[in-house]
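Reader: I would like to learn how to read a structure feature by feature. Please give the general idea each time, then the case at hand.

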Amino acid sequence: MTESLLVFSKTAGYRHDSIPAAIAAISDLGFAVSATEDARVFTADLSDVDGIVFLSTTGEVLDDRQRAGLRRRLSDGAGFVGVHSAANTETGWPFFRGLIGAGFAGHPPLQPGRILVTDPDHPASAHLGEVWDHVDEWYDFDANPRAHVRVLLQVDESSYRGGTMGADHPVAWSHVHDNVRCFYTSLGHAAEAYADPALREHLRGGIASVLRHG
């Protein structure tokens, strides 16, 4: 049975022009995708949704009823995925921060960098070698999440300019928060990135890992 994804990409701050390319890429990964920017979807019946993806969302995008609906579906078994600026979304809601694992703190300009694969056994990173050369915005976070997540990828700050987290700089991870299976990747700023088979497989593996049958 094909798993059903709700891909939510509403923005209340900066808007990434890569969102259409990202939705198209996720739709090509073998999941049944419903994409929306209408937050009222979270007050509807989501019982047939297996996974919820917050895709490059920004700002405060949900009201209290919509937050309750999202939390209810996650509590009932749906998995959660955050992509890129999802880490800069619903920053005043502690439960959502827990789903992401850390908060966005800033980034230097888009530039090449070297990703180190720290967990080759996870579906989101098993297809990569030890090093992945990639171009992105290298997000800094307000805290290192390593103590409570399974870090899959970290970026080598010596490979680019402007990093602030030091030698241990996670950029993608998985974890369980309040019994919700979660995957977050900070990658995916540019539209061109979604044509990269390595990034597509990273997303496919991460999404599959949070689904009940993934």
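Reader: Is Trp 173 buried or exposed?

Author: This is a predicted model. Burial is read from relative accessible area, and buried means under 20%. Trp 173 has a relative accessible area of 0%, so Trp 173 is buried.

Reader: Which aromatic pair does Trp 173 form?

Author: Read two values for a ring pair: the distance between centres and the angle between planes. Trp 173 pairs with Tyr 184. The centres are 5.1 Å apart and the planes 45° apart, which makes the pair tilted. Trp 173 lies in strand E10 (residues 170-177) and Tyr 184 in strand E11, 11 residues apart. Tyr 184 is also buried, at 0% relative accessibility.

Reader: How many aromatic pairs are there, and which residues do ring pairs link into a cluster?

Author: The count is 14 aromatic pairs. A cluster made up of Phe 8, Phe 42, Phe 54, Phe 80, Trp 93, Phe 95 and Phe 96 is linked by ring pairs.

Reader: How do I read a helix? What span does H2 reach from its first C-alpha to its last?

Author: Start with the span, then ask which residues are buried. H2 covers residues 64-75, which is 12 residues. H2 reaches 16 Å, close to the 16 Å expected at 1.5 Å a residue.

Reader: Which residues of H2 are buried?

Author: Gln 66, Arg 67, Gly 69, Leu 70, Arg 73 and Leu 74 are buried. Down the axis of H2, the buried residues fall within an arc of 160°, so they line one face of the helix. Asp 64, Arg 65 and Ser 75 are exposed on the other side of H2.

Reader: What covers the buried residues of H2?

Author: The cover includes strands E3 (51-55), E4 (79-83) and E11 (180-185), together with helix H3 (94-100).

Reader: Now the ends. Which residue caps the N-terminal end of H2?

Author: For a cap, look for a side-chain oxygen and a backbone nitrogen at the start of the helix. Asp 63 caps H2, with a side-chain oxygen 3.1 Å from the backbone nitrogen of Arg 65. Just after H2, Gly 77 takes a positive phi of about 130°.

Reader: Which elements do the buried residues of H1 pack against?

Author: They pack against E1, E2, E3 and helix H4 (197-210). The buried residues of H1 are Ile 19, Ala 22, Ile 23, Ala 25 and Ile 26. Seen down the axis of H1, they fall within an arc of 160°, so they line one face of the helix.

Reader: Next, loops. Where is His 16?

Author: His 16 is in the loop between E1 and H1. His 16 is buried, with a relative accessible area of 4%. The side chains of His 16 and His 84 make a polar contact of 3.2 Å. Beyond four places in sequence, His 16 also touches residues including Ser 56, Glu 137, Tyr 139 and His 189.

Reader: What else is in that stretch? Where does Thr 11 sit?

Author: Thr 11 sits in the loop between strand E1 (4-8) and helix H1 (19-27). Its side chain makes a polar contact of 3.0 Å with that of Arg 15. Setting aside neighbours within four places, Thr 11 contacts Ile 19, Ser 56, Thr 57, Thr 58 and Val 61.

Reader: Last, backbone angles. What is the phi of Ser 56?

Author: Most residues other than glycine have a negative phi. Ser 56 has a positive phi, near 50°. Ser 56 is in the loop between E3 and H2 and is buried, with a relative accessible area of 1%.

Reader: And what is the phi of Asp 178?

Author: The phi of Asp 178 is near 50°, a positive value in a residue other than glycine. Asp 178 is in the loop between E10 and E11. Asp 178 is partly exposed, with a relative accessible area of 41%.

Terms used. Residues numbered from 1 in each chain as written. Predicted model: local features only at pLDDT ≥ 70, side-chain atom pairs only at ≥ 80, totals over all residues. Heavy atoms only, no water. Helix = DSSP H or I, 4+ residues; strand = E, 2+ residues; numbered from the N terminus. Polar contact = N/O pair within 3.5 Å; in protein donor to acceptor, adjacent residues only side chain to side chain. Contact = heavy atoms within 4.5 Å. Expected span 1.5 Å × (residues − 1). Buried < 20%, exposed > 50% of the residue type's maximum accessible area, 1.4 Å probe, protein only. Arc of directions from axis to C-beta. Phe/Tyr/Trp six-rings, centres within 6.5 Å; stacked < 30°, edge-to-face > 60°.
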